[in-house]
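Biologist: Could we go through this model together? I would like to begin with surface charge and then turn to charge pairs and the backbone.

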Amino acid sequence: MPLLKEQIYTEDDYWNLPENVRAELIDGKIYYMSAPSRIHQEILSNLFTEIKLHIRSKHGSCRVYPAPFAVKLRKDKDNTVEPDITVVCDRSKLTEKGCTGAPDWIIEIVSPGTSSHDYVRKLNLYADAGVREYWIIDPARESIFVYHLEQTRFNAAAYTFCDKIPVSIFNDLIIDFAELIADIPANE
């Protein structure tokens, strides 16, 4: 009996998904994403605002985008992801559809079902593409893993929700995580 061949998806398949479907295309596979939790969205909103205000206060040229925002990591591969937060400093990478090329900073907020996706698959994907800084925020563990690209591999640092975290792509930005989450209400 012949083995069934697994379908390989392309960028065209990704762009032809229904508009209300959130998914990512990685190495020919479509990964569907569920709606994020309220805590996920609170962290995303606060962090996005802090980054946006920092860039604006410095009259910076970088742009910050919250999900959904399509990032085609390399021109030569059909890998399109939708990070929770994307920072792009090279505006030539911005297109009508999103970003083509490695962003400078990507932040992913882990959902219960996506931890291996963020910690393993995307970590390797982002390192290979040349993303300069990658943060994985895990609300359940109250932890943040920060990866800085050094040539072809990431160096990692671990933080908690009580720490002040320096942003390596901006030498004058430190995220005070305790302050960032202070106004997030507990489950009511």
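Biologist: Which residues form the positive surface patch?
Modeller: Lys 52, Arg 56, Arg 63 and Arg 91 form the positive surface patch. Patches consist of residues with over 30% relative accessible area and no salt bridge, with like charges joined within 9 Å. Lys and Arg count as positive, Asp and Glu as negative, and His and the chain ends are not counted. The place of a charge is NZ of Lys, CZ of Arg, CG of Asp or CD of Glu. Accessible areas come from the Shrake-Rupley method with a 1.4 Å probe, and for residues only the protein chains shown count as cover.

Biologist: What should I keep in mind about the model itself?
Modeller: This is a predicted model, in which local features need pLDDT of at least 70 and side-chain atom pairs count only at pLDDT 80 or more, while totals for chains, interfaces and linings use all residues. Residues are numbered from 1 along each chain as its sequence is written, and side-chain values use heavy atoms, with hydrogens and water left out.

Biologist: Now the charge pairs. How many salt bridges does the count come to?
Modeller: The count comes to 12 salt bridges, each a side-chain nitrogen of Lys or Arg within 4 Å of a carboxyl oxygen of Asp or Glu.

Biologist: What does Glu 11 pair with?
Modeller: Glu 11 forms a salt bridge with Lys 72, with the closest N and O atoms 3.0 Å apart. Glu 11 lies in helix H1 (residues 11-15) and Lys 72 in strand S4, so the pair ties together parts that are 61 residues apart in sequence. Glu 11 is partly exposed at 22%, whereas Lys 72 is buried at 9%.

Biologist: And the partner of Lys 58?
Modeller: Lys 58 forms a salt bridge with Asp 172, the closest N and O atoms being 3.3 Å apart. This pair links distant parts of the chain, 114 residues apart: Lys 58 is in the loop between H2 and S3, and Asp 172 is in the loop between strand S13 (164-166) and strand S14 (174-176).

Biologist: Changing topic: which peptide bond is cis?
Modeller: A cis peptide bond joins Ala 67 and Pro 68, with omega about -5°. Pro 68 sits in the loop between strand S3 (63-66) and strand S4 (70-72).

Biologist: What about the phi of Asp 27 and of Glu 142?
Modeller: Asp 27 has a positive phi of about 50° although it is not a glycine, and Glu 142 also has a positive phi of about 50° without being a glycine. Asp 27 is in the loop between strand S1 (23-26) and strand S2 (29-32), and is exposed at 57%. Glu 142 lies in the loop between strand S10 (133-138) and strand S11 (143-150) and is partly exposed at 48%.

Biologist: Lastly, is Thr 80 buried or exposed?
Modeller: Thr 80 is buried, at 1% relative accessibility, and lies in strand S5 (residues 80-81).

Key: Helix = DSSP H or I, 4+ residues; strand = E, 2+ residues; numbered from the N terminus. Buried < 20%, exposed > 50% of the residue type's maximum accessible area, 1.4 Å probe, protein only. Patch = residues over 30% accessible without salt bridge, like charges linked within 9 Å, V, L, I, M, F, W, Y side chains within 5 Å.
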